[in-house]
Amino acid sequence: MKTFYAVLANSLAASLANTFIWFAATFWAYLETKSVIATSVMAGVYTVTVAFSGFFLGSLVDRYHKKTAMLLSSALSLLFYVVALAIYTSSGSGFTDATNPLLWVFI
């Protein structure tokens, strides 16, 4: 029972962190670009990605050891956040234009 609550707390923390980060990134994109289209595309990309990746990632967790799957998920999430940070720091002030391809790679 103790392990269940630890996994439940970890899932809750990861879900909240991802939701807050995506909300903040969407709000930031609007502040930078002043484009409602950019923010709506970001929201759509996030929603579709979460909806479709749930099937695939759920099957991986069911097929392999859950601890291994969760550790791999955490490591890949960290890698993607580091790549996003690298894109952000290398762009300078290039995210103020909604037509900038680097903004869409970042999203």
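1. In this note, a residue is buried when its relative accessible area is under 20%, exposed when that area is over 50%, and partly exposed in between (1.4 Å probe, protein chains only). Helices are DSSP runs of H or I with at least four residues, numbered from the N terminus. The model is predicted: local features need pLDDT of at least 70, side-chain atom pairs count only at pLDDT 80 or more, and totals for chains, interfaces and linings use all residues. Residues are numbered from 1 along each chain as its sequence is written, and side-chain values use heavy atoms, with hydrogens and water left out.

2. Helix H1 spans residues 2-33. Its 32 residues reach 46 Å from the first C-alpha to the last, close to the 46 Å expected at 1.5 Å a residue; the expected span is 1.5 Å times one less than the number of residues. Ala25, Thr26, Ala29 and Thr33 of H1 are buried. An α-helix has 3.6 residues a turn, so residues three or four places apart point the same way. The cover over the buried residues of H1 includes H2 and helix H4 (101-106), where contact means heavy atoms within 4.5 Å.

3. Lysine 34 follows H1 and lies in the loop between H1 and H2. Although lysine 34 is not a glycine, its phi is positive, at about 55°. Lysine 34 is also exposed, with a relative accessible area of 58%.

4. Helix H2 covers residues 36-63. Its 28 residues reach 41 Å between the first and last C-alpha, close to the 40 Å expected at 1.5 Å a residue. H2 has a kink of about 35° centred on glycine 54; the bend at a residue is the angle between axes fitted to the seven residues ending there and the seven starting there. Ala38, Thr39 and Met42 are buried in H2, and their cover includes H1 and H4.

5. Which residues make the nonpolar surface patch? Phe23, Phe27, Tyr30, Leu31 and Val36 form this patch of about 520 Å². Patch residues have over 30% relative accessible area and no salt bridge; like charges are joined within 9 Å, and nonpolar side chains (Val, Leu, Ile, Met, Phe, Trp, Tyr) within 5 Å. Areas come from the Shrake-Rupley method with a 1.4 Å probe, and for residues only the protein chains shown count as cover. A salt bridge is a side-chain nitrogen of Lys or Arg within 4 Å of a carboxyl oxygen of Asp or Glu. H1 gives the most to the patch, with 4 residues. Valine 36 lies in H2 and is exposed, at 56% relative accessible area.

Technical notes: Helices (H or I, at least four residues) and strands (E, at least two) are DSSP runs, numbered from the N terminus.
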